[in-house]
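Take a look at the sequence and the 3D view, then work through the notes below.

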Amino acid sequence: MPSKTKYNLPDERGKYGKYGGRYVPETLITPLLELESTYLKLRDDPDFIAELNSLHHEYSGRPTPLTFAENLTKYFNRAKIYLKREDLCHTGAHKINNALGQILLAQKLGKKRIIAETGAGQHGVAAATACAKFGMECAVYMGEVDMGRQSLNVFRMQLLGAEVIPVKSGSRTLKDATNEAIRDWVTNCSTTHYIIGSVVGPHPYPMIVRDFQSVIGIETKEQIVKAEGRKPNYIVACVGGGNAIGIFYPFINDDVKLIGIEAAGFGIDTDKHCASLTLGREGIFHGMKTYLLQKNDGQVSEVHSISAGLDYPGVGPEHSYLKDKNLVNYFSVTDDEAIEATKLISQTEGIIPALETAHAFAYLEKLLPGTSKDEIVIVNVSGRGDKDLNTIREKLEL
Amino acid sequence: MSLTSDYIKNKNGNGEKVLSIFLTAGFPDKQSFTKLALDVLNAGADLLEIGFPFSDPLADGPIIQQSSQAAIENGVTLDDVFIYVKEISNQTDKPVIMMGYANPVLNFGMERFAKRAKASGAAGVIIPDVPIEEYDNFFENHFSGLDVILLVTPTTPNERIKLIDEKSRGFVYCVSVSGTTGMRKEAKSNIEFVERVRTHISKNKMLVGFGISTPDDVESYKPYCDGVIVGSAVIKSLMNENGSYNETLELIRKLKALLLAGSHE
């Protein structure tokens, strides 16, 4: 596949084809340029790499296992299914990979205060954790709706010493929390580093978060080659929070089918979904050009997913590029399908996945029947489901 | 050739500094907005910045966020904004500038937007989330004949101020604080920064905005700039329940009086 072997993005202007870039108020340009030049120096610095690797190993418990899902494989009776266990990371999700990388970066930048946005609360918890460990002040912006449905994570952040700032504007979810975090950064950028939790925002954030999350894919590649002597046929991940890019990116030049799953909410034939890549169109939002769910007059849509972490009208600009180039295929699953998958995975494998992750699992119902027994599918288990128990219980009325 | 810069030069030539007033299109009332804008001009505003609303205005503080949200809820679209601009510019020689975020423009179609803006009589545009890095892609092809006003902020280094001055048409918008729009309790004027900008621009006139709300603010910046921009203070005044309309016009009269030739410095 010649198009894959040439893959080397973003370009020097932070673009993935026509997507990405740096659409922000002038105040933020200088901090973004500083962040970029500091990061590009550190990226290849052996001391920085060693420090981050040591944190991964000693603090967050990496490498995470690649688990053969024997029962789930039997259930479908087709391709072999392996699970990359990011749910076993310290704090319960892949988010810590990025938070630790960025906290080291913040220290090199000489910043004393950290801000973050959070949807499901997992990124907020990871940022609060990293701040506690490194003695930094931490403020996390979170939509009021999300504070309700992820109340346990609100308490976790507070216990870790972070201030959780409720966001009452707009849909009171991840989009609005991100707006407020950016406004805080515009105001306090001389003292504050903004740890964006996903592969979104202005350049260099989508690149930095991707690079820090790529540890998932790098480990996966080693582990599957060790277990099976070859690369997988398929990798499935939910599109949200950088876990998908993290596992896809190291495989981007390989002959592996990469599948990203978006949240279809109540269904893509309703207006209550978050399927930005499936139904959005080119827009400029949160500092990036990307696929965006928007109304006729260019106002950003109010979107819905049962999963707070996927409840976002945009998507990382690299995903937009990968979709247009057919390097990754994107599909969507509904709230109900995700809930069914949560039940299935809990009861077959003894793993309660996060509702975000459950979207990836739900797609197995569509993917597996078309596979054969000599094929291999890897699912990225981006996080564990403890934070979602209230939502799941309400839905299942157990 | 720039209507905006000619207008500012002319005023400055008479020893006068200009007052630019920001209004959110269709706020507080969709039906009577054109009348409000004309009354604001008659009260002494030299330039008018008409904000077209966006759901996620990153550079704005709570007051303009609220007015923007209210305008969206009032059903204000870009088509309405072009009608306002046309009605206003038909009745004044003062520059009418359209201000808003990149996404509604991209969504409307950049070429189509520029054509409609020109046909409506707009003098220029301010799009705060399109920095000079994205300037060529966004503006180069379609926006000739319109002023494209760029911003400098306290975080902008000197060399970059020069680049921005080079690209900007109409004036340079000098953002006096690192932060969002709006009134500040501890208003500390940032004269040092404004002077730094002054020494690094050569092509354009310079107007100071963000956080300017009181006669004191205007007086402190007046000697160092070619004019001032007031937004949130006007919007806030329009939000007051009782008799706010006339008080708003009175505020504008008061601010303009301070900028006239011979007024106390």
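Two residues are in contact here when they have heavy atoms within 4.5 Å of each other. With that in mind, B:Arg160 touches A:Glu26, A:Ile29, B:Pro131, B:Ile132 and B:Glu133, once its neighbours within four places in sequence are set aside. Keep in mind that this is a predicted model. The points below go topic by topic, starting with the sheet in chain B.

**The sheet in chain B**

- Chain B has an open sheet of 9 strands, and the order across it is E5-E4-E3-E2-E1-E9-E8-E7-E6. The pairing is parallel.
- Which strands stand at the edges? They are E5 (147–148) and E6 (150–152) of chain B, each with a single partner strand, so one side of each has no neighbour in the sheet.
- Strands E7 (residues 172–175) and E8 (residues 206–209) of chain B pair in the parallel sense, with 4 bridges between them. B:Val172 has B:Met206 in E8(B) as its bridge partner.

- Is strand E2 (residues 47–51) of chain B largely enclosed or left open? Its burial count is 5 of 5 residues, so the strand is largely enclosed by the rest of the structure.
- Both faces of E2(B) are covered. One side has B:Leu47, B:Glu49 and B:Gly51, the other has B:Leu48 and B:Ile50, and all of these are buried.
- E2(B) is joined by 5 bridges to strand E1 (residues 18–24) of chain B, and the two run parallel. Across from B:Leu48 in E2(B) you'll find B:Ile21.
- To get from E1(B) to E2(B), the chain passes through helix H2 (residues 33–42) of chain B, and this β-α-β crossover is right-handed.
- E2(B) also pairs with strand E3 (residues 96–99) of chain B, again in the parallel sense, over 4 bridges. Here B:Glu49 has B:Ile97 in E3(B) as its bridge partner.

**Helices on the sheet**

- H2(B) lies across E1 and E2 of chain B, and it runs at about 165° to E1(B).
- Helix H8 (residues 158–167) of chain B packs on the sheet too, touching E5, E6 and E7 of chain B. The direction of H8(B) makes about 160° with that of E6(B).

**Back to B:Arg160**

- Where does this arginine sit? B:Arg160 lies in helix H8 of chain B.
- Is B:Arg160 buried or exposed? With a relative accessible area of 9%, B:Arg160 is buried, as the cut-off for buried is under 20%.
- The C-alpha atoms of B:Arg160 and B:His200 are separated by 9.2 Å, and the two residues are 40 apart along the chain.

**A helix pair in chain A**

- Helix H10 (residues 205–213) and helix H11 (residues 215–228) of chain A pack at an angle of about 30°, with their axes 4 Å apart. H10(A) and H11(A) are therefore roughly parallel to each other, since angles under 35 degrees count that way.
- H10(A) brings A:Asp211, A:Phe212 and A:Gln213 to the contact, while H11(A) brings A:Val215, A:Ile216 and A:Gly217. These residues divide into 3 nonpolar, 2 polar and 1 charged.

- Most residues other than glycine have a negative phi, and most peptide bonds are trans. Here are some exceptions.
- The peptide bond from A:Leu9 to A:Pro10 is cis, with omega near 5°. A:Pro10 is in the loop between helix H1 (2–5) and strand E1 (15–16) of chain A.
- Another cis bond runs from A:Arg62 to A:Pro63, with omega near -5°. A:Pro63 is in the loop between helix H3 (46–58) and strand E3 (66–68) of chain A.
- A:Thr91 is not a glycine, yet its phi is positive at about 75°. A:Thr91 sits in the loop between strand E4 (80–85) and helix H5 (95–108) of chain A, and is buried at 7% relative accessible area.
- A:His286 also has a positive phi, near 50°. Its loop lies between strand E11 (281–285) and strand E12 (288–292) of chain A, and A:His286 is buried with a relative accessible area of 3%.

**A:Thr178**

- A:Thr178 is in helix H9 (residues 174–188) of chain A, and counts as buried at 6% relative accessibility.
- Which residues does A:Thr178 contact, leaving aside its neighbours within four places in sequence? They are A:Glu117, A:Tyr194, A:His286 and A:Tyr312.

Technical notes: Residues are numbered from 1 along each chain as its sequence is written. Chains are lettered from A and ligands numbered from 1 in the order in which they are written. This is a predicted model: local features need pLDDT of at least 70, side-chain atom pairs count only at pLDDT 80 or more; totals for chains, interfaces and linings use all residues. Side-chain values use heavy atoms; hydrogens and water are left out. Axes are lines fitted to C-alpha atoms, for helices over the stretch in contact, and angles run from 0 to 180 degrees between N-to-C directions. Angles under 35 degrees count as roughly parallel, over 145 as roughly antiparallel, 65 to 115 as roughly perpendicular and the rest as oblique. Ala, Val, Leu, Ile, Met, Phe, Trp, Tyr, Cys and Pro count as nonpolar, Asp, Glu, Lys and Arg as charged, and the others, Gly among them, as polar. Buried means under 20% relative accessible area, exposed over 50%, partly exposed in between (1.4 Å probe, protein chains only). Two strands pair if DSSP finds at least two bridges between them. A crossover is right-handed if, with the strands pointing away from the viewer, the path from the first strand over the helix to the second runs clockwise.
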